[in-house]
Protein chains: 2
Amino acid sequence: MASSGSQTKKGNNHSDHLVQPTNPNIAAMKEDVLYHFSLSTSTHDFPAMFGDVKFVCIGGSPTRMEAFAKYMAKELGLDHPGAEYPNICGGTDRYAMFKVGPVLSVSHGIGIPSTSVMLHELIKLLYHARCSNVTIIRIGTSGGIGLKPGSVVITQQALDASFKPVFEQMVLGKPVVQRTRLDEKVAQELMQCALELLTFPTVLGNTMCTSDFYEGQGRLDGALCSYTEQDKQKYLKEAQAAGVCNIEMESSVVAAICGACNIPVAVVCVTLLDRLEGDQVSSPHEVLVEYQERPQRLVSHFIKKRLAAAQSP
Amino acid sequence: MASSGSQTKKGNNHSDHLVQPTNPNIAAMKEDVLYHFSLSTSTHDFPAMFGDVKFVCIGGSPTRMEAFAKYMAKELGLDHPGAEYPNICGGTDRYAMFKVGPVLSVSHGIGIPSTSVMLHELIKLLYHARCSNVTIIRIGTSGGIGLKPGSVVITQQALDASFKPVFEQMVLGKPVVQRTRLDEKVAQELMQCALELLTFPTVLGNTMCTSDFYEGQGRLDGALCSYTEQDKQKYLKEAQAAGVCNIEMESSVVAAICGACNIPVAVVCVTLLDRLEGDQVSSPHEVLVEYQERPQRLVSHFIKKRLAAAQSP
């Protein structure tokens with residue numbers, strides 16, 4: 001184990017920002033089983049496996065996160081014929097995880113609870129691996145409000161369903177409200193990357209995070225629907241007035257948990273449809289696939305710029 | 001299309017209970033794209049594909065739901081050498097779906113939002129397929145309270161994190177509270193099946209449904225933890241006093257949405273650990289695998305009994 005050496009190294013560099021859970025119990029645990037990753041500190045050498053991670057990209061779909069890892073390998077010049085990108089969480093089907101150089105690509109499933117479980121275990125993983133200066137970016141899909149489908153939204157503030165920049169969670173049976181905290185600098189850098197790429201419309205705006213895709217987002221096409229088209233339009237217009245550019249189901253918990261642990265975090269989602277025009281996601285498959293590559297291209301550009309800046313004297 | 005024929009047949013049987021969304025808009029839709037299943041009424045013949053479904057078993061893990069489909073095929077005498085069980089939702093990785101005779105096996109991922117999306121599309125699928133007399137059963141995993149690990153809990157009432165039998169959801173930015181409604185008769189029949197099998201401890205009790213696995217369930221081993229061991233024990237003891245036998249993350253939305261659509265529904269979960277004793281899920285893999293088969297064995301027995309009763313004169 002290279003623990004003392006690496007600690008000395010860290011001690012020498014005052015600009016290093018180590019990933020640190022806010023829970024003091026973690027440091028005292030002899031073994032930590034990350035059950036939903038099928039990884040454990042007693043069976044896996046976290047510093048060796050993950051110590052060099054600087055960027056964690058997360059998204060709902062495991063297939064998309066695998067595709068992103070392969071794409072990043074090409075972009076970083078780490079791809080070669082016959083290269084394999086094994087799923088590090090192959091012992092479970094709850095989440096999928098892939099690593100390419102300093103980039104970790106992890107799926108989080110649909111919704112706040114699924115994402116919250118993943119983030120708890122991810123932050124503990126980064127801590128056990130003694131990672132430093134890590135940036136987390138969610139690359140996802142969303143419904144837009146008043147934007148051309150295929151537009152990319154870099155989230156300024158992650159809002160709840162009543163347009164407040166908070167994440168509310170029940171802890172020991174009582175509601176606890178946390179602020180959602182996204183990194184302003186990372187968002188600005190991402191916006192600069194979009195201006196450099198100039199290949200798809202990109203905006204910086206607020207993102208509304210809901211706990212349901214149908215009634216929770218004012219859709220008229222769910223199995224249940226207790227309101228009218230007029231009610232829906234009124235709600236979406238109110239959201240638009242609050243600066244909401246898109247709606248998805250994970251940004252608030254990502255911003256709250258990473259923010260609480262002081263990990264710089266950003267959210268970049270493509271819009272698959274304009275919710276002012278409809279509810280169904282019915283664009284052709286190949287169109288949707290290309291849309292979903294847009295946040296990946298943007299984030300790849302960001303990562304390459306950051307890595308180049310870190311290497312320059 | 002056999003629509004008029006099958007409607008006549010339904011009309012002749014007054015005991016038939018058709019699956020019906022509560023949303024009146026669905027009947028008027030020309031096409032319904034079930035986006036997260038990668039199925040559409042314009043490209044798939046739902047009555048032909050799903051018309052004979054009588055039991056829908058749902059659970060978090062796609063691999064487990066595939067294993068359940070294969071197990072049911074054997075149990076129902078529908079398995080044969082070289083038989084394949086293709087994933088009906090193969091066009092997406094959001095959910096997985098398998099069909100064996102009258103049994104549909106569908107994954108729902110982790111947590112209420114992920115499960116809610118799946119249920120909306122499932123109920124619309126069953127409606128478009130003109131299914132009747134369908135029973136939905138969640139077979140899942142959970143943390144027990146004061147039970148030997150491996151015990152199976154058949155849920156009496158699905159409770160929220162403050163022990164109320166309700167499901168609260170934001171609709172158009174306002175909280176809407178629904179009752180959780182599980183089918184008492186199905187639960188009693190399942191309990192009877194457990195008594196007949198007598199191979200693992202089974203209880204009928206309340207299930208607490210939370211929106212997080214760590215702080216939301218009072219765990220001390222998450223990346224964040226804002227309370228003490230004493231606070232945790234106090235909360236779990238209060239839950240126990242409210243009749244809570246186990247804790248999981250989906251029962252309340254299952255009971256609320258299916259209940260609202262008058263579909264008989266039950267929840268059967270195995271407990272992987274006793275939360276009064278600890279937080280980590282650290283039993284050996286093969287032990288956990290056997291535990292997870294228990295709800296499957298119980299529900300298989302239930303389905304076989306129901307099918308035998310339907311065939312008897």
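Student: How many salt bridges are there between chain A and chain B?

Tutor: Welcome! This is a predicted model, where local features need pLDDT of at least 70, side-chain atom pairs count only at pLDDT 80 or more, and totals for chains, interfaces and linings use all residues. Residues are numbered from 1 along each chain as its sequence is written, chains are lettered from A in the order in which they are written, and side-chain values use heavy atoms, leaving out hydrogens and water. A salt bridge is a side-chain nitrogen of Lys or Arg within 4 Å of a carboxyl oxygen of Asp or Glu. Between chain A and chain B, the count is zero.

Student: Which helix of chain A supplies the largest share of the side that touches chain B?

Tutor: Several elements of chain A each supply at least two residues of that side, among them α3 (62-75), α4 (112-128) and β8 (166-171). Helices (H or I, at least four residues) and strands (E, at least two) are DSSP runs, numbered from the N terminus. The largest share, nine residues, comes from α4(A).

Student: How much area do chain A and chain B bury between them?

Tutor: Buried area is the accessible area (1.4 Å probe) that two parts lose on being put together, summed over both. Here, 67 residues of chain A are in contact (heavy atoms within 4.5 Å) with 67 residues of chain B. Of the area buried between the two chains, 59% is on carbon and sulfur atoms. The total is about 5,300 Å².

Student: Is B:Cys57 buried or exposed?

Tutor: B:Cys57 lies in strand β3 (residues 55-59) of chain B. Beyond its neighbours within four places in sequence, B:Cys57 is in contact with residues including B:Met65, B:Phe68 and B:Val299. Buried means under 20% relative accessible area, and exposed over 50%, with partly exposed in between (1.4 Å probe, protein chains only). Because its relative accessibility is 1%, B:Cys57 counts as buried.

Student: How far apart in space are B:Cys57 and B:Pro295?

Tutor: In sequence, B:Cys57 and B:Pro295 are 238 residues apart. From C-alpha to C-alpha, their separation in space is 11 Å.

Student: What is the phi of B:Phe163?

Tutor: Most residues other than glycine have a negative phi. B:Phe163 lies in the loop between β7 (152-159) and β8 (166-171) of chain B. Its phi is positive, although B:Phe163 is not a glycine, with a value near 70°.
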